[in-house]
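Please look through the structure below with the sequence at hand.

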Amino acid sequence: MKYIFLLMLLYVNSCFCQKKTLDTGILNNWPLIKRVALSGDGKYIMYTIRYQLKGSGTLVIRSTHTNQQTTLPGILSSEMIEANGTIVLFLNKSDSLGIVSLVDSTTEYVPYVKAYRLFKQKQIIAYLSEKDLVIRNLLTGKQHVFTGAVTYELSDDGNILLLQRAENLERIDLLTGNKAIIYNGVKPGNLVQDPCGTQIAFTIGDTLWYYQTETGKAVALINGQVDGISAFSKDGSKLFFSLKENIPQGPRPDAVKVDVWSYKDPRLQSQQLVEELWPRSFAAVIRLKDHQIIRLEQEDEVVLIRTDDIAWISHSKGNIEEDHWNSSVKPSYYIMSVNNGERKPTNIRMSVFSESTGGKYLVDMDTTGNDLYSYELATGESRNITAAISVPLIDSTFDLYMDQRPRGFEVVAWLENDAAVLVYDQYDIWRLDPSGKLHPVNLTNGYGRRHNIILRLADNYTGKTIALNEELILMAFNRQTKESGFYKKKVSQRGDPVRLTMGPYYYDLPGNNFLCELSSIKARNSAIYLVKRESATESSNCFLTIDFKTFTPLSNIYPEKAYNWLNVELLNWVGPDNRPVQGLLYKPENFDAAKQYPVIFHFYERMSDELNKYRVPSFTGVYGPLNIPLAVSQGYLVFIPDIYYKTGSPGPSAFDAVMSAAGYLSKFPWVDTTRMGLQGHSWGGYETNYIITHTHLFAAAMSSAGPSDLISDYGDLFQSGQSRQPLYEVRQFRMKATLWDQPTSYISNSPIFDINNVTTPLLIMHNKKDSNVPFSQGIELFTALRRLGKKAWMLQYDDDGHGIFFLKDATDYTIRLTQFFNHYLKGAPPARWMTKGIPASKKGIDTGLEPDTSGAIP
């Protein structure tokens, strides 16, 4: 038995030895499952295996009850539709349209197709093949072919075709074959038609033309200043379009070109000048019976929502980010009749509105962000439908930095006949009466708030209604344990939801916007669900379920199994102010507690909710942050502590949190306390800058695109021309004061004033095209360090902005970051760019990436 045990140990060790270390060479080919679909009868699934930074992928179509599977490489896009059974459409790299019938297992290829469009509830497909337009009914198989097509438009019912050829615009009735030339001459633009195809509108230059089948001819309806056409109203009585801004005559050639900045300007001159580069247009409508034009938007106005009868309008003169002090910026809201232009003020802001499926109501937040109001379209009456709900403001553990602390309401679905609307609070789901007659009902009975579990709908009800007797599947996330799973709850029954399953996973589900992307699907005609599930150690794959207790795997894409992957632990300790704190510790899969490991602390606000998230290995710098799987596979521990902020103290808050985490982690014997590093991007870059100016604990630090001087940044501008002051006063920096109210706080929170204390070698990445944090912040930081003789390097990539998005740059950045940490945290030889630098004259010629083995010290 002893020998068998030894053999097993040898086998396990050999398995670990066989696993490769992640490196930059494999990142482009890392497979991920995307574009998932389930057939209406639940018998087939479709998904695409995509490879990072590559344009095409592999389409997989497989049976859910057998091992039958079809694999098609080189796919650019795909979708599954229902028409005479299930059909899969795809476009491939060879400019071919593929049509796969799952009824008879046939695949048809149509050459020279780069795009297609679907009409009539996806029953009709239209595509251009070379110069031929093909319109095919996927139900009947009947098709029409038209030669010489340039562009086209099809009516909603799929019966009327507008066909633009080189010489004319033609209207064709596909049912009768009747044809009519609408316009001869210059190619029209903005083709639209009413739902029945009896009215057509288009533009020639900036003139709006209108065609009726009754008259059989097109007439110029509006001469000049038309910028575009939106749509006809559903009843065909109105046409919505946009008017060009009336641009004043330009300055004289000999005019003095001076910008006059005034303290009375609602918007800074800089913002005005940027906006002048894009002349705006204004929403309008024309009544077709009498040709009366009603302008919906005036200067400084935006139509937030529009129906065929009303428009919800916001009026604000300046930068909305300044509304905490600039009275001219505070928005006012109006409801406007589209039929006659009459307006009346409202306190409902309609920024993220929901329209009932029956068309009776609109629902959105009031201007305080605390309550939901319903607006009855027929009567124009508005009602507060959450006033009776005693839900508190978003909990105190989430330190919002805005003046107002909303209650977190979100409209998600409607019951049939517009009888009720379902609304999320921070934890639970409410059933509210839009008519205001019935008292609010907590559908989940407060279970979520009592158990610290966020409950959300597991299905996407956009455009659908919920029956009163329907049983809902709910997605659940435990904020303490970070487990995810499912519950069920009948709409008509009171009481707690019933637990189905919970576990250490992430599920991609509609409504799961607190965690993942949307990609769960219920079979249209069957009680079968397809979900994507992942964990920290298993990439996202497809699973089938009928009860949300048992999950049957339908894909097997686990690239991480071939590599020295990672494991993650949720650590709990007592942090600053005796607050319970959580953090994520990532260890290599082949972790050996008898060894000591270097540690990289990575941070950005709070990230512990991502315990079970699968972290895709990619190039560091793509979207900014450190790539954790890459670092861990190469022998680092990565620790991500949550950070809680105090008003006016963003720097000290980050410092206290990270130092507390470092002290806690240092108690473990497998942590090499002499080789601990820091890495942060953007806000995390600022925190890195601050931390190294207040401690000598860390052996190396990397700061990416972070501010360094709160005073100079406070007075700077975004590329939009807007002031950066609100970012400090009421946004992420949480200062809650102006520079002149609290000058010492701005100074004490600025790393630049304590640069003389730095002993930690620092690598900076900051790009000239950064539109989030001015490049000057990186320059200030680097030149100060250089002037004081501190060890510092800065990378600047010409083609990138706030992050690194180009493959060649991301590869270079990842290599340099790895070389930097390997030297200071692992004792590897430094690269030559660290010891010698790269002269500007050698930019793009000499990378300096090779190790410097001369013994030179960086």
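Asn445 sits in the loop that runs between strand E35 (441-442) and helix H3 (447-451), where helices (H or I, at least four residues) and strands (E, at least two) are DSSP runs numbered from the N terminus. Its phi is near 65°, a positive value in a residue other than glycine, and Asn445 is partly exposed, with a relative accessible area of 36%; here buried means under 20% relative accessible area, exposed over 50%, and partly exposed in between, for a 1.4 Å probe and protein chains only. Lys736 also has a positive phi, near 55°, in a residue other than glycine, and its place is the loop between helix H8 (725-729) and helix H9 (743-748). Lys736 is partly exposed, with a relative accessible area of 43%.

This is a predicted model, in which local features need pLDDT of at least 70 and side-chain atom pairs count only at pLDDT 80 or more, while totals for chains, interfaces and linings use all residues. Residues are numbered from 1 along each chain as its sequence is written, and side-chain values use heavy atoms, with hydrogens and water left out. The mean pLDDT (the predictor's confidence in each residue, from 0 to 100) is 90, and 94% of the residues reach 70 or more. Over residues 1-16, however, pLDDT stays under 50, and the model has 2 contacts for them beyond four places in sequence, a contact meaning heavy atoms within 4.5 Å. Residues 509-519 likewise stay under 50 in pLDDT, with 36 contacts beyond four places in sequence.

Taken as a whole, the protein has 12 helices and 53 strands. Its radius of gyration, taken over C-alpha atoms, is 31 Å, close to the 29 Å that the globule rule gives for 858 residues, so the protein is as compact as a globular protein of that length; the rule is 2.2 Å times the number of residues to the power 0.38. Of the 858 residues, 53% count as buried. Among contacts between residues at least 6 apart in sequence, 51% join residues at least 24 apart.
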